[in-house]
Amino acid sequence: MTAAPLPTDRAALLERLAEPRKVDLVVVGGGATGLGVALDAALRGHSVVLLEAEDFAKGTSSRATKLVHGGVRYLAQGNVGLVREALHERVHILENAPHLAQPLPFVMPAYKYWETPFYGVGLKMYDLLAGRAGLGDTRFLSPRQTRRLLPGVQARGLKGGVKYWDGQFDDARLALAIARTAAAHGALLVNYCRVTGVLHEGGQVAGVLCQDTETGRAFKVQAGCVVNATGVWVDALREDDARAAGQQAQPMVAPSQGVHAVVDQDFSPGGHALLVPSTADGRVLFAVPWQGKLILGTTDTPRQDVPLEPRPLAGELEFILREAGHYLARAPQRADIRSVWVGLRPLVKPTHEGGGTAAISREHTVLVSPAGLVTVTGGKWTTYRAMAEDVLARCVEAGRLPDRGPSRTARQPLAGTPVPGQAAVSLAEPPGLHLYGADASAVQALPGNDTWLAPGLSEAMVRFAARHEYARSVEDVLARRSRWLFLDAAVAQAAAPAVARVLQEELGREAGLDGFVQLAASYRAEAASLVGG
């Protein structure tokens, strides 16, 4: 996609939102699922408005383990259907945004003689399920080959290993690329615009009420169909819809959180990720090279609440460090952690009680309320496109949207996609201009292209974020347009004043510097608060 980037001037976006018209579809929620629905609907010719209370991908969708994958652990759980779907969806993401999503080789080190054949056979089945969508063959490794591919691996007791292929991505920037592509096809997307209620006429959903969180200005958007894609927060809108009919909605989300710790890449140098398929307590552990750092994670812990900024529960960081220390030659310590961040998973409640969230299916669910509110939750980033197809099929089936043909997203290049044949820089490399793909020249044309505010983050990139990427605050830039908050919170904290200065020039308003400095402090491991659990 080589068209000039669209402007994202907020005043113009709000004036479009204020137009007295009825649209085909309102999507509530600007995470991966909601953005996928907006893009799919726009490509089919529907008029679309998407509203997000915070920033796009502010919640779960910027806090993934950065893997585009079928889910090795879901295969172990016997969820073959989900794995097969995810493996085939993986290809579409890799092809439609090669600057933001790429194949990644994994190595599973074995410390017991039975592990290599046992897990190797399972990973061969992974290949089989992928079929033509496979990224490379699974290979059995000797101890020497394993050490060569994973120079940082614990050599003591190493019996061999297995190499297989999956994918990795920049989740927040991919979400932004989906948003910008939807906008390029006519959808209106507005972040920092909170839906305050669902409109009903004659007992049926007829649109939403919303409010610009920056100015307090209120809007009414009439629509034939409303999709609730707010992730772990879907139950709030479902309750509002049910109240209008004098009913009560049963909660459908069982939140789970995954903690990630980031350390320097020299703990496991090279371009291969490390997989531990079963830790001491049966969990999966990854060590993933990403943007010059190494991501260690993750956990799967039930939560009763759904905070916007979840923090690690007591013991989660210790678990990650302890288990990583068993498999890395140099065991990371708390002082080595550059950033700690937590993502909430919107798992769908099981129909039976018992068992932890690790056993709950990652498949998505689409529900249509008696009044016609369409709710989607569950699922995983890799299957966002297939989820969007399912949502729109249900909207048509429920009579909320006219049928305008099949999905067109499978081979739709996303904003910034380089021209075919252009070599992509590995996502294991430190951040830089390569993450902008075909938009790199537009970034370089802006003032401050040679002024660096942090490694790989120029003043021009901040201006591009404000002018073309919907950025409204320092956090938007340093957490999601650039990923420094997730890579090294101290670097993000140091860059914040300069980023705030540029944003103030661009937006003509204060950009949330003080709040971001406090947020960055909480991502630093030595200051990260642990909550009981």
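Begin by selecting Arg-139, Arg-144, Arg-147 and Arg-148, which form a positive surface patch (a patch joins like charges within 9 Å, from residues with over 30% relative accessible area and no salt bridge; Lys and Arg count as positive). The model is predicted, so local features need pLDDT of at least 70 and side-chain atom pairs pLDDT 80 or more, while totals for chains, interfaces and linings use all residues. Residues are numbered from 1 along each chain as its sequence is written, and side-chain values use heavy atoms, with hydrogens and water left out.

Next, select helix H6, residues 143–149, which gives the most to the patch, with three residues (helices are DSSP runs of H or I with at least four residues, strands runs of E with at least two). Arg-147 is found in H6 and is partly exposed, at 38% relative accessibility (buried means under 20% relative accessible area, exposed over 50%, partly exposed in between, with a 1.4 Å probe and protein chains only).

Now select Glu-214 and Arg-10, which form a salt bridge with the closest N and O atoms 3.6 Å apart (a side-chain nitrogen of Lys or Arg within 4 Å of a carboxyl oxygen of Asp or Glu). Glu-214 lies in the loop between strands E9 and E10 and Arg-10 in helix H1, 204 residues apart. Arg-10 is buried, at 6%, whereas Glu-214 is partly exposed, at 29%.

Finally, select Glu-475 and Lys-58, whose side chains meet in a salt bridge at 2.6 Å, N to O. Both residues are buried.

Technical notes
Patch = residues over 30% accessible without salt bridge, like charges linked within 9 Å, V, L, I, M, F, W, Y side chains within 5 Å. Areas by Shrake-Rupley, 256 points an atom, 1.4 Å probe, with all protein chains shown as cover. Charge placed at Lys NZ, Arg CZ, Asp CG, Glu CD.
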